[in-house]
Amino acid sequence: MKAVIKLVIAALLANAAYRSGSVFLKYYQFKDETQQMILFGQGQSESELTSQIMGEASKRGVPLDDEGLTVSREGARTVAEVEYTDSIELFPRFFYPVDFSFSAEAYGVAGASGGARPRR
């Protein structure tokens, strides 16, 4: 009986670790993609960058709303500030909310065309 209980506990811990890892992996991938959009989107307007970032969030399943994203441009500097809350299902029907936030910034070069971003 002890072995069964230990196996159940191990399975629950493995499940929680997998689900936590998945949410954090999604965060880091979204953060990296946002940085790439800001870096290579110097020739685009703030609204175009906002819609691209929102589209990427939707594609990756990131629960980002309009209030959680701010894209601003001050001269050659472009900044995207992102804040959202995602839930991790640690145990069946037990969700733990985690707040994520990051800032991505890039400086444009005078005369740069803002060409296409390299695809991976």
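In the protein, 55% of the contacts with a separation of 6 or more join residues 24 or more positions apart; a contact means heavy atoms within 4.5 Å. The model is predicted: local features need pLDDT of at least 70, side-chain atom pairs count only at pLDDT 80 or more, and totals for chains, interfaces and linings use all residues. Residues are numbered from 1 along each chain as its sequence is written, and side-chain values use heavy atoms, with hydrogens and water left out.

Begin with the whole chain in cartoon view. Two helices and three strands make up the secondary structure, in the order α-α-β-β-β from the N terminus. Here helices (H or I, at least four residues) and strands (E, at least two) are DSSP runs, numbered from the N terminus.

Next, display the C-alpha atoms. They fill a box of roughly 70 × 30 × 20 Å along the principal axes.

Then colour the residues by accessibility. Of the 120 residues, 28% count as buried, that is, under 20% relative accessible area with a 1.4 Å probe, protein chains only.

Now select helix α1, which covers residues 2-40, and find K26 within it. Is K26 buried or exposed? K26 counts as buried because its relative accessibility is 18%.

Finally, select the surroundings of K26. Apart from neighbours within four places in sequence, K26 is in contact with R60, G61, V62 and D86. With the side chain of D86, the side chain of K26 makes a polar contact at 3.1 Å (a pair of N or O atoms within 3.5 Å; within protein, one must be able to donate a hydrogen and the other to accept it, and residues adjacent in sequence count only if both atoms are side-chain atoms).

Notes:
Buried < 20%, exposed > 50% of the residue type's maximum accessible area, 1.4 Å probe, protein only.
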